[in-house]
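Please read them alongside the structure.

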Amino acid sequence: MGIDGHQVPRPIGALFGCTVHRMGVTSVIELRGELDLAAREMLDSALEMALEPGLVMTVVADLDRVTNADAFTVSWLLRADAQVRLTGARFVAVTGSGRAGKVLRLTGVGRRLDVVGAPHAH
């Protein structure tokens, strides 16, 4: 599957977006903008695109450019983690300096997920 740099379709006027990249056995889902329930279809499509059982060993959700994350975002991350683990792969959330890191720390979800770039999350 040649997904390197593949933009995932999103509704016209949406304040969010994502791109899926493949680097060897790692898929990276780069998320940006305001992630809420309206982003569900796009996020689910991105995860499906990123996961190739047996070929992908790690799926990374890059949340550094996320400007708004809410309970839906947390729920999607937990579901994505579970779905990826069912294939035998690893799921990693990268928060960097974005708003998502704060949300993961405040909700305690950072202790349930493999999080990189979120100080005090572990």
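1. The contacts of this predicted model come first. Among contacts in the chain with a separation of 6 or more, 59% are between residues 24 or more positions apart.

2. On overall make-up, the chain has three helices and six strands. Their order along the sequence is β-β-β-α-β-α-β-α-β. Of the 122 residues in the chain, 48% are buried. The accessible surface is about 6,300 Å², and carbon and sulfur atoms contribute 55% of that area.

3. Strand S2 covers residues 16-23 and strand S3 covers residues 26-35. The two pair in the antiparallel sense, with eight bridges between them. Met23 has Thr26 of S3 opposite. The hairpin of S2 and S3 has two residues between the strands, and Gly24 there adopts a positive phi near 65°.

4. S3 also pairs with strand S4, residues 58-69; these two run parallel and are joined by nine bridges. Leu35 is opposite Ala69 in S4. Between S3 and S4 the chain passes through helix H1, residues 40-50, in a right-handed β-α-β crossover.

5. Arg22 deserves a separate look. Is Arg22 buried or exposed? Arg22 is part of strand S2, and its relative accessible area is 17%. The cut-off for buried is under 20%, so Arg22 counts as buried.

6. Which side chains make polar contacts with the side chain of Arg22? One is that of Ser27, at 2.9 Å. Another is the side chain of Glu52, at 3.1 Å.

7. Ala71 belongs to helix H2, which spans residues 71-86. Is Ala71 buried or exposed? Its relative accessibility is 61%. Exposed means over 50%, so Ala71 falls in the exposed class.

8. A last point concerns the spacing of Ala71 and Val103. They are 32 residues apart along the chain, and their C-alpha atoms are separated by 8.6 Å. Ala71, the H2 residue of this pair, is the exposed alanine of the previous point.

How values were computed: Residues numbered from 1 in each chain as written. Predicted model: local features only at pLDDT ≥ 70, side-chain atom pairs only at ≥ 80, totals over all residues. Heavy atoms only, no water. Helix = DSSP H or I, 4+ residues; strand = E, 2+ residues; numbered from the N terminus. Buried < 20%, exposed > 50% of the residue type's maximum accessible area, 1.4 Å probe, protein only. Contact = heavy atoms within 4.5 Å. Areas by Shrake-Rupley, 256 points an atom, 1.4 Å probe, with all protein chains shown as cover. Polar contact = N/O pair within 3.5 Å; in protein donor to acceptor, adjacent residues only side chain to side chain. Pairing = 2+ DSSP bridges. Right-handed = clockwise from strand over helix to strand, strands pointing away.
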